[in-house]
Amino acid sequence: MKLLVFHIGADRYGLPLGIIRQVLPLMELKAVPLAPAAVAGLMNLRGASVPVIDVAQSGGAAPAARQVDTRIVLVDYQGLDGAVHALGLVVERVVGVQDVPEPALAASGVEGASFLGQVASDAHGLVQLVHPERLLPDALRAALFPAAPAAATP
């Protein structure tokens with residue numbers, strides 16, 4: 001499995017390449033009033049408004065450091081209605097792509113944040129899989145990606 005590897009503090013995490021639409025440089029975001037702290041803001045992507053989540057804050061850590069290698073990773077995210085939406089993830093210290101063989105992935109042994117998955121070990125230590133589909137609580141997912149109203153029947 002190919003992963004885009006990044007850091008939260010000293011720890012390494014990986015996003016499966018199959019769900020990534022694009023990796024963008026960090027850009028100015030529009031603040032979302034009254035949104036939870038993990039909502040970094042809204043970005044304008046070719047005229048479309050896309051919500052952006054700070055992955056570090058989603059896990060209870062300090063906001064991602066704004067560094068040269070901090071990126072917004074645009075992923076496919078499934079709403080409660082089943083529709084696929086664009087979601088931006090602020091991640092720091094993007095390392096690059098790493099191939100992690102499926103057999104190398106093992107349970108972490110710790111029940112923590114629901115969006116964190118299996119781990120793999122290599123010469124640099126552990127890398128932990130991130131599942132963006134589990135990143136948002138249902139209420140936040142519904143607020144960011146409201147279901148389209150049903151069409152009226154004649």
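Trainee: Is Gln118 buried, partly exposed or exposed?

Mentor: This is a predicted model. The reading of exposure rests on relative accessible area, where partly exposed falls between the buried limit of 20% and the exposed limit of 50%. Gln118 has a relative accessible area of 34%, and therefore counts as partly exposed.

Trainee: In which element does Gln118 lie, and with which residues is Gln118 in contact?

Mentor: Gln118 belongs to strand β8, which covers residues 116–122. With neighbours within four places in sequence set aside, the contacts of Gln118 are Leu105, Ala106, Ala107, Val127, Gln128 and Leu129. As for separation, the C-alpha atoms of Gln118 and His131 are 9.7 Å apart, with the two residues 13 apart along the chain.

Trainee: Where is Val68 found, and is Val68 buried or exposed?

Mentor: Val68 sits in the loop between α1 (55–58) and β6 (71–78). Its relative accessibility is 78%, so Val68 counts as exposed. The C-alpha atoms of Val68 and Val130 are separated by 22 Å, and these residues are 62 apart along the chain.

Trainee: How is the largest pocket to be described, and how many residues line it?

Mentor: The largest pocket holds about 230 Å³ of space. Its lining comprises 14 residues, with Ser108, Val110, Glu111, Gly112 and Leu116 nearest the centre. Strand β8 supplies the largest share of that lining, four residues. By class, the lining has five nonpolar, seven polar and two charged residues.

How values were computed. Residues numbered from 1 in each chain as written. Predicted model: local features only at pLDDT ≥ 70, side-chain atom pairs only at ≥ 80, totals over all residues. Heavy atoms only, no water. Helix = DSSP H or I, 4+ residues; strand = E, 2+ residues; numbered from the N terminus. Buried < 20%, exposed > 50% of the residue type's maximum accessible area, 1.4 Å probe, protein only. Contact = heavy atoms within 4.5 Å. 1 Å grid on protein atoms, 1.4 Å probe; cavity = no way out; pocket = protein on both sides within 12 Å on 5 of 7 lines; lining within 4 Å. Points joined across faces, edges and corners; volume = space filled by probe spheres on them. Nonpolar A, V, L, I, M, F, W, Y, C, P; charged D, E, K, R; others polar.
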